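Reader: I am new to this structure and would like to understand the words used for it. Could you take me through them with care?

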Amino acid sequence: MNESIHNRRKLISTMMTGLTAACAFFAISILLMILGYIAVRGFGAINWEFLTDTPKPVGEGGGIGNAIVGSGLMTLLASLIGLPIGIGAGVYLAEFGDNWFGNTVRFLADTLIGVPSIIVGIFIYTLVVLPMTRQSGLAGAIALAIIMIPIVARTSEEMIRLVPKSMREGALALGAPQWRVTWNIVMPAAATGIATGAMLAIARISGETAPLLFTALNSRFYNYFYDQPMSSLTVQIYNFATGPFEVEHQMAWAATLVLVGLILFINILVRFFTRKRF
Amino acid sequence: MKSKISISHLDFYYGKNQALYDVSLEIPEREVMAFIGPSGCGKSTFLRTLNRMNDTIPIARVEGEILIDGKDIYAPKTDVVALRRKVGMVFQKSNPFPKSIFENIAYGIRINRMHSSKTDLEARVEKALKDSALWEEVKDRLSTSAFGLSGGQQQRLCIARALAVEPEVVLMDEPASALDPLATQKIEELVVELKKKYTIAIVTHNMQQAARVSDKTAFFMLGKLIEVNPTQIMFTSPEDKLTEDYITGRFG
């Protein structure tokens, strides 16, 4: 009797563990398939010229050097605008936001996260592009920053809330003013989580195409200034992929591989710098 | 003995729930007063009113008066930050910061700008660790993580951290409840040692501990202060029937 119950329990336990493991495997295998496919299709076209040259007419080679620079510049500026505002908002929501204002901000941030990114593009088009009378890297970066802010705010808030109350009280009990508790104790304790949230947001905006179509447009040249239209990897991939020639499709795959590789690289870099020391 | 903290007609509410009823009490200077009573009787809540730690709970409300050195700590112009520096606290669960051992102690000194130089800072850290009987165990690994210490060492680190800002009163909320007998003994010896310099209020569930370390004991039940007496008297001939029932283990 007892023996059979025991065996049954062991059987169910094994089955359930197996089931969840299968789900985990399924989830990761799709990701690996995508990555593998991109690598196989893209790797052949990658060479030094492709990485450094500007796009040229079909058949004359050319590359995505200016798109890499453009993506980098716009992601950088978007992060400089979006991360401080997003993290600041997250701090407010977590530490002081248990009131009607905080609830409103939280609700609006969640709504904004769900807004299709092309709408952000159109919004910035009317707000920045029309007054400037031309598309620009600045407009692209602002659009990306707007997509970034609610994501960063909400993930930062969650991470800051995870810091135990006892740690805050320990600092308060030493006569630390509230702002020092937040700055010296809570923020460092939540740093890894906040950085992870920031990473997710950077990865997300590096992959955005729609908001850039109206704002940064594209450029065939190297451009280091934010007042001009700017090329980006995603828009360049879009152009390559919608072109009629196989050579262009090949370049689209290669550019995709570069984009994925860059995101992976940023990820590893941030994980390295925010690894737990204490 | 001069009174350090003087509490009169203290009522405390969490929203609509009253947690303390009309508590009046004198805590003498440079003595140890123990607070005992069954779980949920309000002794921790009471302790946290003394450094206004309950301010962090939005629905908390205090009525009555608490004077420390004759000053009303709930007066509108009271500087809560200065109050907490004067009235240090050690919590039930040790709560070191995610920093090195040295930085854990240095934190309070730094935020209160107490040190005159780097050498002075190091001297203060060393003194705090010596005062809490931890120095010998950690002096060779001050720059390592505080989380690498054992539970008992972490708790003594938290005591050292509290002492480093030179408080006058130290509140201890069941400081040894999660520790083994040896670590507990160290903390108790420390408490007895500390009362030479500090006024100490300690909440404990362990009645032997109250008997060993305290000069006076206060017994709480259901939010009311039932009895305060010198510890000797409290544990041999308590005045109140409830106290007697509790310390002889008839309930609670």
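Author: Across the interface of chain B and chain A, the rule finds one salt bridge. This is a predicted model, in which local features need pLDDT of at least 70 and side-chain atom pairs count only at pLDDT 80 or more, while totals for chains, interfaces and linings use all residues. Residues are numbered from 1 along each chain as its sequence is written, chains are lettered from A and ligands numbered from 1 in the order in which they are written, and side-chain values use heavy atoms, with hydrogens and water left out.

Reader: How many residues does each chain bring to the contact?

Author: Contact means heavy atoms within 4.5 Å, and here chain B gives 28 residues and chain A gives 18 residues. The area buried between the two chains, that is, the accessible area (1.4 Å probe) lost on putting them together, summed over both, is about 1,900 Å², and carbon and sulfur atoms give 66% of this area. Pro98(B), Tyr107(B) and Ile111(B) supply 27% of what chain B buries against chain A, more than any other three residues.

Reader: Why is Arg154(A) called buried?

Author: A residue is buried under 20% relative accessible area, exposed over 50%, and partly exposed in between (1.4 Å probe, protein chains only). Arg154(A) has 17% relative accessibility and therefore counts as buried, whereas Asp110(A), at 37%, is partly exposed. The side chains of Arg154(A) and Asp110(A) meet in a salt bridge at 2.8 Å, N to O.

Reader: Why are Arg124(B) and Asp120(B) said to be separated by about one helical turn?

Author: Because they are four residues apart in helix α4 (residues 118–131) of chain B, about one helical turn separates them; a helix here is a DSSP run (H or I, at least four residues), numbered from the N terminus. Arg124(B) forms a salt bridge with Asp120(B), their closest N and O atoms being 3.1 Å apart.

Reader: How do you know how confident the predictor is in chain B?

Author: The predictor's confidence in each residue is given as pLDDT, from 0 to 100. Chain B averages a pLDDT of 92, and 99% of the residues score at least 70.

Definitions and conventions. Salt bridge = Lys/Arg side-chain N within 4 Å of Asp/Glu carboxyl O. Helix = DSSP H or I, 4+ residues; strand = E, 2+ residues; numbered from the N terminus.
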